[in-house]
Amino acid sequence: AMSTTAHARAHIAHTVAGDRSRTRANAREAVPSSRRTLLAGAVTLPVVFVSTPRAARAAELTTYTDPRLKFQVTYPNDWVTLAGETPAAEDILGGGARDVFTIAPPDADVGKINISIVATPAGADFTKMGSLGDAYGFGFGLTAPLNRPKVRKGRESTIQYCELVDSVQKGDYYKVEYTFAKPSTGFDSLQFVLAGLGYDDGRVSHLYTATATLPRGEEEKWRSTVEAIIDSIQYPPTLY
């Protein structure tokens, strides 16, 4: 039988080929504050890149396994990788600055299209994704704080819109799709998040989140490849 990794590689190869040939709400339950804190720490909106892009090297697809955090992702070999970090959270439970693994298509605006993976330390209370509520509740808790259509006078530049499209369970993970726009910056995107709990090499529990960003209006060009990469991601298992 084909392995999970082999299946993922075959799926990405198929979708990449297809892309190139085309030239291409209310929550069901309230989210407790500890969950909100963990979700807020998992959102990778501001990323500070600290190195220049370097081309990935392989025949057609590259499978990367992080030596410390133990996640795995498969992506086209011509995409570039960047090292970066998120700022330290103000809330103590949000953790300090965290490393971010980011990939993006060659010659693309990395601010508009990219996939970033970050691991946020999670408390002992979070052993399975069910500890964070069901898939819909997780997606609502992730997106609701990002929707700020009304602000005080004089702060119109901070208006932003976020709408949950779908949030489903995918095996041991939750997969969320939503739209995000900030008119003052011209940013208008479709986002995917794949979230899962797992333990790194040092037996530390993390909430792993892969966030994919692509411009709205360019879904035909990018969506199939981006979503195939998201679906290829594997996080390390939980202990229980």
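A: In the hairpin of strand 8 and strand 9, two residues lie between the strands, and G171 takes a positive phi near 65°. This is a predicted model, in which local features need pLDDT of at least 70 and side-chain atom pairs count only at pLDDT 80 or more, while totals for chains, interfaces and linings use all residues. Residues are numbered from 1 along each chain as its sequence is written, and side-chain values use heavy atoms, with hydrogens and water left out.

Strand 8 (residues 161–170) and strand 9 pair in the antiparallel sense over nine bridges; two strands pair if DSSP finds at least two bridges between them. Helices (H or I, at least four residues) and strands (E, at least two) are DSSP runs, numbered from the N terminus. Within this pairing, V168 stands opposite K175 of strand 9.

Strand 9 also pairs with strand 10 (residues 187–199), again in the antiparallel sense and over nine bridges. Here V176 has V193 of strand 10 as its bridge partner. The hairpin of strand 9 and strand 10 has four residues between the strands, and G186 takes a positive phi near 80°.

Strand 9 (residues 173–182) is mostly covered, with nine of its ten residues buried. Buried means under 20% relative accessible area, exposed over 50% and partly exposed in between (1.4 Å probe, protein chains only). Across the protein chain, buried residues make up 46% of the 240 residues.

I230 and I115 are two of the residues with the most contacts inside the largest nonpolar core, which has 25 residues. Such a core is a set of buried Ala, Val, Leu, Ile, Met, Phe, Trp, Tyr and Cys residues joined through side-chain atoms within 4.5 Å. Among the elements giving two or more residues to this core are strand 10, strand 11 (205–215) and helix 4 (219–232). A second, separate core of 19 residues includes L142, L164, Y174 and L197.

L142 belongs to helix 3, where A135, Y136, G137, F138, G139, G141 and T143 are buried as well. Because eight of the nine residues of helix 3 (residues 135–143) are buried, this helix is largely enclosed by the rest of the structure.
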